[in-house]
Every structure is written in C-alpha cells, then in structure tokens.
Amino acid sequence: MRRNLSFVGAILSCVFVCNLVVAQNIATTPTEKKDGWWQTRHAQKCEQAAKGDVDIVFLGDSITHFWEGNGKSVFDKYYKDYNVLNLGFSADRTEHVLWRLNNGEIDGIAPKMLVLMIGTNNVGHGSTNPAQTIEGIQAILETLGEKLPNTKVLLLAVFPRSEKPTDALRVKVEEINAGLPALCDNERVFFLNFNDQFLTKEGILTREIMPDLLHPGAAGYEIWANAIQPYVEKWVSDAK
C-alpha cells in the first residue's frame with residue numbers, strides 16, 4: 001500500500017512540474033546571451049545610452065541591426081540629423097530584448113520616439129508560438145512604459161518573410177501581427193502595418209526587396225523609412 005501511495009505521489013509531482021514548465025512562457029522571461037559579439041554590442045549600446053541626448057530608438061532583431069549594414073545608405077539619408085540609438089541585435093527574440101531593456105540599454109535617456117519590431121525569430125526558431133510571442137511583445141511594451149513613460153512607441157507589424165503567403169513562417173508571422181493592434185492605446189503606443197508595400201499584388205515577397213526573403217535590402221529599408229517618416233516629423237522634428 002505504501003509503495004502504491006509513493007508511486008501515486010511521484011506521478012502527481014511529475015504532473016505538477018510538467019504543468020509548471022508548460023505554463024512558463026519563454027518569450028516573457030528576460031534572457032541573456034553569452035555570445036561575445038552580443039555582450040560587446042550590449043556594452044557599447046549601454047555606453048551610448050549613458051551619454052544621453054537620444055531622439056529616436058530603433059529596437060529589435062537583425063532586421064533592425066542591419067540599418068548598420070544593408071540599410072546604411074538609407075539610414076544616412078533619413079536620420080543623419082537625429083541622434084539615433086540602434087538597439088537591434090541579430091537573432092534576438094522577445095526574451096533577449098527584455099533582458100537588454102532591464103540591463104542598461106535605455107537607462108538615463110528620454111527619446112521622443114521608439115520604433116519596435118520583434119518576433120520573427122521567436123517563431124522562426126520555434127522557441128514560442130505566435131500567441132506566446134504576442135505576450136512577449138506585450139511584456140516589452142510594459143517595460144518601455146515603465147522606463148520611458150514619455151516616449152511615443154511605434155509598434156511595427158513583423159515584416160513578411162518567405163516567398164509566398166501560404167508558407168508556414170509567413171502564416172505564423174501574420175498570426176503575430178493579427179494580435180498586435182490590441183496592445184496599442186493610440187496615445188503612447190501606436191501600431192503601423194505597411195507590409196503590403198513589400199509585396200506584389202499576389203502577396204509574393206521578391207528578392208529585390210528582401211534578398212534572403214527575410215532581411216530587407218536597400219529598397220526595403222527605403223520603404224521602411226518612408227513609411228515611418230510622418231511619425232518622425234510629428235514626434236521628433238516638430239518637437240525640436
């Protein structure tokens with residue numbers, strides 16, 4: 001009898017632990033990366049933030065990071081007259097952004113505008129599903145509200161990926177995007193979706209816009225800059 005009770009107890013303990021693991025959402029759990037380049041970039045961005053005087057923050061993953069690469073000529077064209085802090089880190093997911101926000105990257109600054117796009121790596125790497133990813137984005141917005149209460153946040157739809165609208169990762173990205181408007185109050189946080197400008201009328205993503213069907217080329221960054229320019233003019237230029 002005692003043996004049976006012990007067995008039942010072990011099963012119940014296992015069920016409890018398993019349910020706890022299932023309930024935990026990785027996308028909302030701040031997570032540090034140990035990669036050398038990532039740590040170096042984080043330190044550099046903290047140093048830049050510590051100097052203050054930031055007008056615009058771009059926050060996200062490699063798509064944002066590559067304003068310093070594929071998008072550099074476009075960046076210089078549109079943002080040379082602004083103090084911009086690029087907080088894009090290649091391969092980051094929502095949980096990595098949360099860690100960075102809580103560890104110095106936006107401390108001591110009061111930007112007029114922050115552009116946020118994140119989530120493609122959550123579903124692309126299979127770490128979390130679209131619903132969990134939306135919760136991760138919500139956690140980021142809540143953190144920004146606490147740390148940058150006077151900053152206007154422009155939340156972008158996650159850019160399309162993969163060639164066809166029926167491709168699995170494109171579908172998952174669109175599931176994320178469907179949940180994003182509900183996270184915005186249109187007072188401090190605003191949603192913008194201009195994904196159709198990257199696509200043909202049939203919804204095809206071409207390599208002219210995104211050479212690897214994920215990261216924009218110069219033409220893609222031009223679309224991005226044009227789409228957010230009215231917000232830059234309203235929130236940043238007019239406030240100078």
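Ala 182 is exposed, with a relative accessible area of 71%. Ala 182 sits in the loop that joins helix 8 (168-179) to strand 5. The C-alpha atom of Ala 182 is separated by 9.7 Å from that of Gln 138, and the two residues are 44 apart along the chain. The model described here is predicted.

**Overall layout**

The chain holds nine helices and five strands. Their order along the sequence is α-α-β-α-α-β-α-β-α-α-β-α-β-α. The C-alpha trace spans about 80 × 45 × 35 Å along its principal axes. Of the 240 residues, 49% count as buried. Among contacts with a separation of 6 or more, 81% come from residues 24 or more positions apart.

The accessible surface comes to about 11,600 Å². Carbon and sulfur atoms make up 53% of that surface. Charged side chains number 24 positive and 29 negative. The centres of these two sets lie 4 Å apart.

**The nonpolar cores**

The largest nonpolar core has 34 residues. Phe 58, Tyr 79, Leu 156, Phe 194, Trp 224 and Ile 228 touch the most other members. The elements that give two or more residues to this core include four strands by name: strand 1 (56-60), strand 3 (113-117), strand 4 (152-156) and strand 5 (189-192). Helix 4 (72-79) and helix 9 (218-237) are also on that list. Helix 9 gives the most, with nine residues.

Another core, of 31 residues, lies apart from the largest one. Its members include Val 54, Leu 59, Leu 141 and Leu 155.

Trp 224 deserves a separate look. Leaving out residues up to four places away in sequence, Trp 224 touches Phe 58, Leu 156 and Phe 194, among others.

**Helix 5 and its cover**

Helix 5 (residues 94-101) is largely enclosed by the rest of the structure, because eight of its eight residues are buried. The buried set includes Val 97, Leu 98, Trp 99 and Leu 101. Glu 95, His 96 and Arg 100 belong to it as well, and so does Thr 94. The cover over these residues includes helix 2 (36-50), helix 6 (120-124) and helix 7 (130-147). Strand 1 and strand 2 (84-88) also take part in that cover.

Most residues other than glycine have a negative phi. Ala 91 counts as partly exposed, at 28% relative accessibility.

Asp 92 is found in the loop between strand 2 and helix 5. At 0% relative accessibility, Asp 92 counts as buried. Its side chain makes a polar contact of 2.8 Å with the side chain of Trp 38. Beyond its neighbours within four places in sequence, Asp 92 is in contact with Lys 33, Trp 38, Gly 60, Asp 61, Val 97, Arg 100, Ile 118 and Asn 121. Of these, Val 97 and Arg 100 are buried residues of helix 5.

Arg 93 is found in the loop between strand 2 and helix 5. It counts as buried, at 18% relative accessibility. With neighbours within four places left aside, Arg 93 is in contact with Ile 118, Asn 121, Asn 122, His 125 and Ser 127.

**Other loop positions**

Lys 51 lies in the loop between helix 2 and strand 1. Lys 51 and Gly 108 are 57 residues apart along the chain, and their C-alpha atoms are separated by 8.3 Å. Asn 186 is found in the loop between helix 8 and strand 5. The phi of Asn 186 is near 60°, a positive value in a residue other than glycine.

| Residue | Relative accessibility | Class |
|---|---|---|
| Asp 92 | 0% | buried |
| Arg 93 | 18% | buried |
| Ala 91 | 28% | partly exposed |
| Asn 186 | 53% | exposed |
| Lys 51 | 72% | exposed |

Conventions:
Residues numbered from 1 in each chain as written. Predicted model: local features only at pLDDT ≥ 70, side-chain atom pairs only at ≥ 80, totals over all residues. Heavy atoms only, no water. Buried < 20%, exposed > 50% of the residue type's maximum accessible area, 1.4 Å probe, protein only. Contact = heavy atoms within 4.5 Å. Areas by Shrake-Rupley, 256 points an atom, 1.4 Å probe, with all protein chains shown as cover. Lys, Arg positive; Asp, Glu negative; His and termini not counted. Charge placed at Lys NZ, Arg CZ, Asp CG, Glu CD. Core = buried A, V, L, I, M, F, W, Y, C linked by side-chain atoms within 4.5 Å. Polar contact = N/O pair within 3.5 Å; in protein donor to acceptor, adjacent residues only side chain to side chain.
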